Amino acid sequence: MRAAVAHLIPAPFTQHVARALDEEDALQAFFCTLVDEPEARWQRLACRLAASGGFDLRRDLRRRAITEVPAKRLRSYPRRELLRMLQVRLLQDPVLGDRIFHWARDGFEHWVARHLDGLDLIYGYEYGSLRIFQRARELGIRTVYDLPSPEHDYVEQLLAPEYARFPELITPYRQYTASRQVERTRRRRQEWDLADLVIANSTFTAQSWQAAGWADRPVTVVPYGAPPPIPQPQIPPSDGPLRLIWAGTFSIRKGAHLLLEALKALSLPPEHLLVEVYGAQALPASLLGQAPAALRFCGSIPRAELLERMAVAHALVFPTLCDGFGLVVNEALSRGLPVITTTRAGAADLIRPGENGLHIEAGSSEAIAAAIEAALTTPSALLTMRSAALCTAADWQWSDYRNAIFSALQ
């Protein structure tokens with residue numbers, strides 16, 4: 001088998017698919033956009049230009065490090081994605097950012113499509129594979145379609161009650177993307193119809209596509225793996241506040257607005273409770289208002305740094321309304337960090353309530369507040385879950401994921 005993987009971002013799951021192929025001597029290329037290439041002249045120049053504008057591009061690029069794929073297999077197409085990243089940081093116009101994203105995606109697809117000759121198989125991802133798959137079909141190359149997210153019309157149905165309750169969430173950007181939903185669903189349908197094999201990251205993701213009417217073919221489910229767990233759980237300081245970690249975009253889909261409600265209801269000072277948010281802030285300023293004292297926005301950081309901070313926190317809070325998987329759950333468990341999440345995350349299958357975390361009701365700020373209050377009242381309960389969290393991570397590693405992926409491809 002001569003195979004390649006194509007994805008816009010070098011996320012851990014994309015790199016491990018490529019590594020699964022490389023371990024079997026099947027990988028010919030890992031196509032990506034912007035990756036961390038610290039020795040490249042263009043990257044050094046871009047970092048200097050960004051620094052002159054007060055933007056630490058080098059820090060952001062470290063989050064795109066290639067750790068699982070041999071350098072000789074990497075093929076990058078960075079320029080358009082670099083412009084998108086700079087726009088997000090410097091101009092912060094979400095509508096313009098969306099348009100640049102689609103321009104960057106289209107350029108990437110056409111670039112990959114020109115480099116498929118000699119392959120037997122191309123592994124692509126939802127909403128980034130149409131031109132690639134069309135060209136693969138012309139060349140007689142088999143196609144694999146990976147679904148990392150729940151079906152988008154299904155997601156819209158789940159989010160509709162939140163927009164009704166919180167009309168301030170209906171921003172101009174929200175109106176802009178909603179007006180393009182039909183067109184973007186049609187594009188995903190074209191990709192789906194060109195796929196020889198469909199793979200999803202959880203039963204929740206697979207069932208969301210089937211519930212939305214995409215049931216004309218079976219979907220193979222392969223859950224994401226966890227990083228190697230630390231040898232033993234670390235114990236957070238006993239003389240400080242209850243420290244909760246939020247990892248990922250602070251958005252409606254992740255339940256950020258509900259966490260705000262919960263923290264406002266609890267009204268606790270940072271000496272007692274501290275919620276550290278690592279990721280982009282995507283809520284409208286009108287809803288964010290005066291942030292609760294317990295909330296601290298820490299920005300996006302490299303994954304290695306995030307794992308270090310997880311190891312000394314008390315729990316991960318992940319009140320998502322809809323998440324195909326939630327890789328941060330695996331990462332937290334690998335650091336012995338109990339997880340508070342809803343059953344609308346694919347990774348919720350890993351959580352055994354009372355043993356390595358808690359399940360809470362999706363869409364309920366009261367449920368979030370109650371979970372935090374219980375942790376404050378009986379902090380020892382979270383401490384006893386840390387060993388079980390590590391065991392859960394050890395039970396399904398990235399090596400298990402890679403073996404399952406290659407078996408599915410065979």
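**Close-up views of a predicted model**

Figure 1. Y127 is buried, its relative accessible area being 10%. In this predicted model, Y127 belongs to the loop that runs between β4 (121-125) and α6 (130-139). The phi angle of Y127 is near 65 degrees, a positive value in a residue other than glycine. Most residues other than glycine have a negative phi.

**Figure 2. Asp25, an exposed residue with positive phi.** D25 occupies the loop between α1 and β2 (27-32). Its phi is near 55 degrees, which is positive although D25 is a residue other than glycine. With a relative accessible area of 68%, D25 is exposed, whereas Y127, at 10%, is buried. The exposed class requires a relative accessible area over 50% and the buried class one under 20%; D25 is therefore assigned to the former on its value of 68%.

**Figure 3. The second largest pocket and its lining.** The space in the second largest pocket amounts to about 440 Å³. The pocket is lined by 24 residues, of which P12, H16, T67, E68 and R303 are the closest to its centre. Four helices, α1 (12-23), α13 (303-311), α14 (327-334) and α18 (398-409), each contribute at least two residues to this lining. The greatest contribution comes from α1, which provides four residues. By residue class, the lining of the second largest pocket comprises eleven nonpolar, six polar and seven charged residues.

**Figure 4. The largest nonpolar core, with the surroundings of Ile405.** The largest nonpolar core contains 52 residues. Within this core, the residues that touch the most other members are V5, Y123, M310, L316 and I405. When neighbours within four places in sequence are set aside, I405 is in contact with V17, A20, Y123, I199 and V222. In soluble globular proteins, nonpolar side chains tend to be buried together.

**Figure 5. Ala211 in helix α10 and its separation from Tyr154.** A211 is part of helix α10, which spans residues 203-211. The relative accessible area of A211 is 58%, and the residue is exposed. Along the chain, A211 and Y154 are 57 residues apart, while their C-alpha atoms are separated by 7.5 Å.

How values were computed
Residues numbered from 1 in each chain as written. Predicted model: local features only at pLDDT ≥ 70, side-chain atom pairs only at ≥ 80, totals over all residues. Heavy atoms only, no water. 1 Å grid on protein atoms, 1.4 Å probe; cavity = no way out; pocket = protein on both sides within 12 Å on 5 of 7 lines; lining within 4 Å. Points joined across faces, edges and corners; volume = space filled by probe spheres on them. Nonpolar A, V, L, I, M, F, W, Y, C, P; charged D, E, K, R; others polar. Core = buried A, V, L, I, M, F, W, Y, C linked by side-chain atoms within 4.5 Å. Buried < 20%, exposed > 50% of the residue type's maximum accessible area, 1.4 Å probe, protein only. Contact = heavy atoms within 4.5 Å.
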